[in-house]
Amino acid sequence: MTLIDPNKIPKHVAIIMDGNGRWAKKRAINRLDGHKKGADAVREIVEASREIGVSWLTLYAFSEENWKRPKREINALMALLKRFLKSELDRMVKNGIRLQSIGRIEKLPKSTRDVLLKTIEETSANKGMVLTLALSYGGRQEIVDAVRRIVVSCDREKTSPDEISEQLVSGFLYTGGMPDPDLLIRTSGEYRVSNFLLWQIAYTEFYITPTLWPDFGKNEYLTAILDFQKRERRFGGREKCI
Ligand code: IPE
Ligand code: IPE
Ligand code: MG
């Protein structure tokens, strides 16, 4: 079993959960069954994150660009999300998990959005791990939305342009108040970020695995954490002198 250092657990883990379609294709079954199996993997990784003491877990569940997919697949994903949230509520409350979302959720179908908002509300007092679902999320859109709000706010507060700092911009992103991810995991072997957390991953460590998301379980998650623990993060500075 992998030996995780409990003092070096990444505070914030972000995951691009990719490969449900390929998982289904390999088995010559319906894509939607791949997404269903993907939801089981979500359950396992949420549970494992809480167990090892990750404080923030952010999952890329549906991108702004995923709206380009066939209507049938989108509808199935939205229905699956709704069912997932309903079935997980009790477990989230029991485990002290607070749910939140980032992205343009006003674009979600009303019935899915309603269940999402209700789950967010009902878990809002939880003090354990924060689970953030990126839904109808795009990093560029997030920056555009932030710029719009900054312009309005600066106009209202008469802020001068040189008062606009990195902290100020960060605070206006959907992730305002959250720490940047320490570790970004991408399953299914693509070496790209697909418009995820563009600003926030400036110094994030990447772990890319060929494993398809439905096959990504606790063991490989621990391997990713262990790999992270071996990295030397420099943030542009020099290696530690001894
Ligand atoms: C990830 O799996 C889930 C979503 C993007 C919603 P994909 O559906 O992208 O699976 P692949 O990449 O086609 O295998
Ligand atoms: C990224 O996967 C988005 C999510 C996991 C929700 P995609 O399958 O949409 O990414 P691309 O199209 O391969 O870049
Ligand atoms: Mg994909």
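Author: Start with one pair: Val 13 stands opposite Leu 57 in strand 2. This is a predicted model, where local features need pLDDT of at least 70, side-chain atom pairs count only at pLDDT 80 or more, and totals for chains, interfaces and linings use all residues. Residues are numbered from 1 along each chain as written, chains are lettered from A and ligands numbered from 1 in written order, and side-chain values use heavy atoms, without hydrogens and water.

Reader: How many bridges join strand 1 to strand 2?

Author: Strands are DSSP E runs of at least two residues, and helices are H or I runs of at least four, numbered from the N terminus. Two strands pair if DSSP finds at least two bridges between them. Strand 2 covers residues 56-63 and runs parallel to strand 1, and the bridges number 5.

Reader: Which residue of strand 5 stands opposite Ile 15?

Author: Strand 5 (residues 183-186) pairs with strand 1 in the parallel sense over 4 bridges. Opposite Ile 15 stands Ile 185.

Reader: Which residues of strand 1 point the other way from His 12, Ala 14 and Ile 16?

Author: In a regular strand, side chains alternate between the two faces of the sheet. All five residues here are buried (under 20% relative accessible area, 1.4 Å probe, protein chains only). Pointing the other way are Val 13 and Ile 15.

Reader: Which helix gives the most to the shell around ligand 1?

Author: Helix 1 (20-26), helix 2 (31-52) and helix 3 (71-94) each supply at least two shell residues. The top contributor, with 3 residues, is helix 1.

Note on methods
Buried < 20%, exposed > 50% of the residue type's maximum accessible area, 1.4 Å probe, protein only.
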